[in-house]
Amino acid sequence: MDPTSRGRGDEGADPAAAHLSAVTLIINGTERTLTLDHRTTVLDALRLHLGLTGAKKGCDHGQCGACTVLVDGRRANSCLLLAVAQDGARITTVEGLADGDRLDPLQEAFLERDAFQCGYCTPGQICSGIGMLGEARDGFPSHVTAPTAPVGPVALDAAEIRERMSGNLCRCGAYPRIVEAIGDVAS
């Protein structure tokens, strides 16, 4: 008998099962229940368990933004979120932004402005852009928002957009076009 299990009544229990939990996530509007290891991140649940590969594993440390998704409408680095802690959350990935064949306005703006090169960071850039547009609309200030700015929606000029998107890196350097695309949707 394993001395660590003595007296707990779990003799014969599958030790691997002790590290698993059923997690229900609402992914792009569809409820999905998965049995996951407690250490599984939202990013790995999306990519490895659900086959949604839009969110990319860039740095796996929350520093590049390639894995950005929307969690209950707020942008988040999915590589830093444990899936078990998001039980019941509504998660939107880049795959869930379009309405059938109709792209989200920000997706359209990225195409019109040619705001991508290799495309690796683009899903995270778009999800982050949608999240930051919501934050500005809801009146959340950024580091560059004037302290004297009125309470309420924040006007998004190029400086505001650059600051708010600073957590999303583009190795190809498409930043000017990304800022223009977001600016098109913000106006």
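Is the crossing of α3 and α5 left-handed or right-handed? The crossing of these two helices is right-handed, where a crossing counts as right-handed if the near helix is turned clockwise from the far one by less than a right angle, and as left-handed if anticlockwise.

The structure is a predicted model, in which local features need pLDDT of at least 70 and side-chain atom pairs count only at pLDDT 80 or more, while totals for chains, interfaces and linings use all residues. Residues are numbered from 1 along each chain as its sequence is written, and side-chain values use heavy atoms, with hydrogens and water left out.

**Overall arrangement**

The chain contains five helices and five strands. These elements are DSSP runs numbered from the N terminus, with helices (H or I) of at least four residues and strands (E) of at least two. Their order from the N terminus is β-β-α-β-β-β-α-α-α-α. Along the principal axes, the C-alpha atoms of the chain fill a box of roughly 65 × 40 × 30 Å.

| Helix pair | Axes come within | Crossing angle |
|---|---|---|
| α2 (residues 105-113) and α3 (residues 122-137) | 10 Å | roughly 130° |
| α3 and α5 (residues 175-186) | 11 Å | roughly 40° |
| α2 and α5 | 9 Å | roughly 135° |

Angles under 35 degrees count as roughly parallel, over 145 as roughly antiparallel, 65 to 115 as roughly perpendicular and the rest as oblique. Helix α2 is therefore oblique to α5, and α3 and α5 are oblique to each other. Helix α2 passes α3 in a right-handed crossing, and α2 also passes α5 in a right-handed crossing.

**Residues at the contacts**

Contact means heavy atoms within 4.5 Å. Between α2 and α5, the contact is made by P105, L106, A109, F110 and R113 of α2 and by R177, I178, E180, A181, I182, D184 and V185 of α5. These residues divide into eight nonpolar, no polar and four charged. Here Ala, Val, Leu, Ile, Met, Phe, Trp, Tyr, Cys and Pro count as nonpolar, Asp, Glu, Lys and Arg as charged, and the others, Gly among them, as polar.

Where α2 meets α3, L106, Q107 and F110 of α2 touch T122, Q125, I126, G129 and I130 of α3. This contact comprises four nonpolar, four polar and no charged residues.

In the contact of α3 with α5, Q125, G129, M132 and L133 of α3 meet I178, I182, V185 and A186 of α5. Six of these residues are nonpolar, two are polar and none is charged.

**A charge over a ring**

The charged end of R74 sits over the ring of F140, 4.9 Å from its centre. This description requires NZ of Lys or CZ of Arg within 6 Å of the ring centre and within 35 degrees of the ring normal.

Notes. Axes are lines fitted to C-alpha atoms, for helices over the stretch in contact, and angles run from 0 to 180 degrees between N-to-C directions.
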